[in-house]
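Please keep the sequence and the model in view while reading the points below.

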Amino acid sequence: MTDYSNKVRELFDGQFREWKLALDNYKQLDGVMVRSVAFPGYEISVQFNPGRIISSAAKVDSKSIEARPCFLCSNNRPPEQRGIPFGDGYILLINPFPIFRRHLTVVNLAHTAQRIEGNLGTMLELARALPDYVLFYNGPQCGASAPDHLHFQAGNRGFLPIERDLDNMDLCIRIAESEGTELWLWRGYGRGIMTLKGRRSEELERVFKRFYDRFALWQHDRPEPMLNILAYHTDDQWTVHVIPRKVHRPACYFAEGTERILLSPASVDLGGVFITPREEDFRKITAGEIQTILGEVCLDEEELANLTKEIL
Ligand SMILES: [Zn+2]
């Protein structure tokens, strides 16, 4: 498997020379306001990022989606945008509205629905080809602002708190191991997360599929069971965090006046960086509110323990 690191570095350099909007938006990350909210054993960072309002407040109901030109289709992309072909069906693009200092969108060449079934293998290949990045997937009903066009995103490693929290033995516990694939569950982390580790992608795909099928029974009325996924490849091993969801947006998103917090959680937020596009939310959000949001949108530990029982 080719390492795409150099190609991607060149892509960023070239795009920063040719595409002012992208350069300006990446430069703005230097001045972005961040604060840390402490919980027992871990922290959540909160990032004030006004550029993300488009994504956080995106209307993703099917009517609104059908009415807009798809911004991931090649004929609607900005003329300055260049890409690197990946495999036989994808293109790597820089994300012009970044959260990470290096933020990619990996877009399928066809306008085909956002689905993880049958596509986790591609995500794992991408993670291996981009060892300096965390790959992430937002389901069509949990954070993808183009639920009608299959895509992944990638952000530079070392930014999401979940990466280091993984090594905290009190938070992340190994539950089972089979054929070199390990299942880990999180305890006292405010959100139910299933973490798989392994060196064989087919095995990881197989275990994920078993989980997916089981979870699909809970959420049979949806296009796919709601989930966010984070994956990276290091020391010849994949780490895959699967974060099943109950709802798309928390109650505070829909509240009015001072009760409102405009926050639409997806992979990055659940990986420990809450993105607030409005400054007032950035300043006021409390640990209690973060806890409530996580509790509303994610499964709890017990639900996830049931759902993953004997999955290996
Ligand atoms: Zn499209």
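Glu 179 lies in the loop between strand S8 (172-178) and S9, where helices (H or I, at least four residues) and strands (E, at least two) are DSSP runs, numbered from the N terminus. The model is a predicted one, in which local features need pLDDT of at least 70 and side-chain atom pairs count only at pLDDT 80 or more, while totals for chains, interfaces and linings use all residues. Residues are numbered from 1 along each chain as its sequence is written, and side-chain values use heavy atoms, with hydrogens and water left out.

**Loop residues with positive phi**

- Glu 179 has a positive phi of about 50°, although Glu 179 is not a glycine.
- With a relative accessible area of 56%, Glu 179 is exposed; the term exposed stands for over 50% relative accessible area, buried for under 20%, and partly exposed for values in between (1.4 Å probe, protein chains only).
- Asp 236 also has a positive phi, near 65°, and is a residue other than glycine.
- Asp 236 is placed in the loop between strand S11 (227-234) and S12, and is exposed at a relative accessible area of 53%.

- Strand S10 (residues 194-198) is largely enclosed by the rest of the structure, because five of its five residues are buried.
- Met 194, Leu 196 and Gly 198 point one way from S10, Thr 195 and Lys 197 point the other way, and all are buried.
- In a regular strand, side chains alternate between the two faces of the sheet.
- Strand S9 (residues 181-186) runs antiparallel to S10 and is joined to it by four bridges; two strands pair if DSSP finds at least two bridges between them.
- Trp 184 has Thr 195 as its bridge partner in S10.
- S10 is also joined, by five bridges, to strand S12 (residues 237-244), and the two run antiparallel.
- Leu 196 has Val 240 as its bridge partner in S12.
- Thr 239 lies in strand S12 and counts as buried at 4% relative accessibility.
- Between Thr 239 and Lys 197 there are 4.7 Å in space, C-alpha to C-alpha, although they are 42 residues apart in sequence.

**The zinc site**

- Which residues coordinate the zinc ion? They are Cys 70 (SG), Cys 73 (SG), His 111 (ND1) and His 149 (ND1), at 2.0 to 2.3 Å.
- Donors are N, O and S atoms within 2.8 Å of the metal (3.2 Å for Na, K and Ca); water is not among the atoms, so sites may look incomplete.
- The arrangement is tetrahedral because the four donor atoms around the zinc ion subtend angles of 99 to 121°; four donors count as tetrahedral if all angles lie between 85 and 135 degrees.
- Along the chain, the donors of the zinc ion follow the spacing C-x2-C-x37-H-x37-H.
- His 111, in the loop between strand S5 (103-108) and helix H5 (120-129), and His 149, in the loop between strand S6 (133-138) and strand S7 (151-156), are 38 residues apart and link distant parts of the chain.
- His 111 is partly exposed, with a relative accessible area of 43%, whereas His 149 counts as buried at 0% relative accessibility.

**The elements flanking the histidine loops**

- Six of the six residues of S7 are buried.
- His 151, Gln 153 and Gly 155 on one side of S7 and Phe 152, Ala 154 and Asn 156 on the other are all buried, so that both faces are covered.
- S7 pairs with S5 in the antiparallel sense over five bridges, and the bridge partner of Thr 105 in S7 is Gln 153.
- S6 and S7 run antiparallel and are joined by four bridges, with Val 134 opposite Gly 155 in S7.

- The largest pocket has a volume of about 760 Å³.
- Of the 44 residues that line the largest pocket, Arg 52, Ser 55, Phe 71, Asn 95 and Ser 145 are the closest to its centre.
- On a 1 Å grid over the protein atoms alone, a pocket is an open set of points with protein on both sides within 12 Å along at least five of seven lines, where a 1.4 Å probe fits, and lining residues have an atom within 4 Å of a point.
- Grid points are joined across faces, edges and corners, and a volume is the space filled by probe spheres set on the points.
- Among the elements that give two or more residues to the lining of the largest pocket are helix H3 (53-56), helix H4 (62-67), S6 and S7.

How values were computed
Tetrahedral: all angles 85-135°; square planar, octahedral: opposite > 155°, others 65-115°.
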